[in-house]
Amino acid sequence: MIMGWDKTVADKAMQRDVEPALADGEGVLASRDREVSDKAMQRDVEPALAGGGTAGGVRAASMPDGPMGAFLATKDFAYTLPPELIAQHPLPCRADSRLLRLSKKDGHRVHGHFRDLPGWLQPGDCLVLNQTKVLPARLLGQRADSGGAVEVLLLRRRSGDLWETLVKPGRKCREGAVLSFGGGRLRARVERVLEDGNRLISFAYEGIWEEVLEALGEMPLPPYITRRLKDQGRYQTVYAKEPGSAAAPTAGLHFTPELLEQISAGGVHIAKICLHVGLGTFRPVKEENALLHRMHREEYSISPEAADTINAARAGGGRIICVGTTSCRALESRAGEDGRISPIERGETGIFIYPGYRFRIVDGLITNFHLPESTLLMLVSALAGRERVLDAYREAVEQRYRFFSFGDGMFII
């Protein structure tokens, strides 16, 4: 345990990481995508809500804080789930998970398994994967002043060694608090307490950050998983490559190298993009009017090669099928008026997709079953229709599907 914060280290960290990030209150990202969610709202959602009436489950109401006074009832996305259907561990074989195919056109449903997916795809389709890699982002340490226990969860890197985090106990970790992990191998200071209670923390260490984190950190499993995961690799996709997520893009957990090879051999294009998943994924919608919910921003990138693959498939009449809501949000954030994707090295998105949204590029979605009243369930409902989705969820419960991160999935097309 360290008894103080090295002033030289602190000053360097402040100059390098903290001061630039605090200059605009959000960090430095040279990208037009800071405003993409607002543009998407103006482009797709607000026109659907204009003039009163109903658009995809959104009804106009006298709610001045919502877009154009619109109201989207959070309770309309509730469903009953027996607790025993929440999967606490992955299946021995990833591709053995069940897969419910749902037609967004007429609601027709077919029950199968993930190993059936190659037969449900068509030559010329494009499967879009999110190759983010989950960080061992849960750090357990002590406060330097008292030795009291502290838990830090890394949410996203603001710049350099400055991270936005969740801290427990928060009331004991105010600005200036110094923390220690691994007997002083990793040191930290709380630089700022944000409005939502998150902390900006700067870290100091010797060596390579990824190696230090790998040695000291733990995998940040969702709160509804109460059993310890024996194999940490099962909370990673087989194609995970770019470290940065606080949660896994769980729709991709079902794929095996053999399944991907079979899909590719069937004439299906595969494009790999990256969106680093934040814990906003698990943040509940607390407002009665879901449109008042504040989405957290997430960093994403689309390479020129991925953009070319997606655009070529679309131009050739192929369907663009996203693996996971994260891939979907990244593509919809970047799609132009003509539906084409342009590459971006580093962008941010806070896009909130809910019924009434007009999709620009995404034709289909492979996704897990989501929490009741969640923004992810709202996104799925925007693609397939709320009633169709909730009917499918009710049938999945009756058929004893496994739910959430380690559970079964849906193929909406």
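Tutor: Start with H370, which is buried, with a relative accessible area of 8%; buried means under 20% relative accessible area, exposed over 50%, and partly exposed in between, with a 1.4 Å probe and protein chains only. This is a predicted model, in which local features need pLDDT of at least 70 and side-chain atom pairs count only at pLDDT 80 or more, while totals for chains, interfaces and linings use all residues. Residues are numbered from 1 along each chain as its sequence is written, and side-chain values use heavy atoms, with hydrogens and water left out.

H370 lies in the loop between β19 (364–368) and α8 (375–384). Helices (H or I, at least four residues) and strands (E, at least two) are DSSP runs, numbered from the N terminus. The side chain of H370 makes a polar contact with the side chain of T367 at 2.6 Å, and the backbone oxygen of N368 is reached by the H370 side chain at 3.2 Å. A polar contact is a pair of N or O atoms within 3.5 Å; within protein, one must be able to donate a hydrogen and the other to accept it, and residues adjacent in sequence count only if both atoms are side-chain atoms.

Contact in general means heavy atoms within 4.5 Å. With neighbours within four places in sequence left aside, H370 is in contact with Y79, T325, L376, L377, V380, Y393 and F404.

α8 packs with helix α9 (residues 386–398) at an angle of about 115°, their axes 7 Å apart. Axes are lines fitted to C-alpha atoms, for helices over the stretch in contact, and angles run from 0 to 180 degrees between N-to-C directions. On the α8 side the contact is made by L377, V380, S381 and A384, and on the α9 side by R386, R388, V389, L390 and Y393.

Nine strands form an open sheet in the order β5-β4-β20-β19-β17-β6-β15-β16-β18, with mixed pairing; two strands pair if DSSP finds at least two bridges between them. The edge strands, β5 (109–113) and β18 (344–349), each pair on one side only. Neighbouring strands of this sheet are turned by 25° against each other on average, direction ignored. Helix α6 (residues 304–315) lies across β6 (126–130), β15 (269–275), β16 (298–302) and β17 (320–323), running at about 135° to β15.
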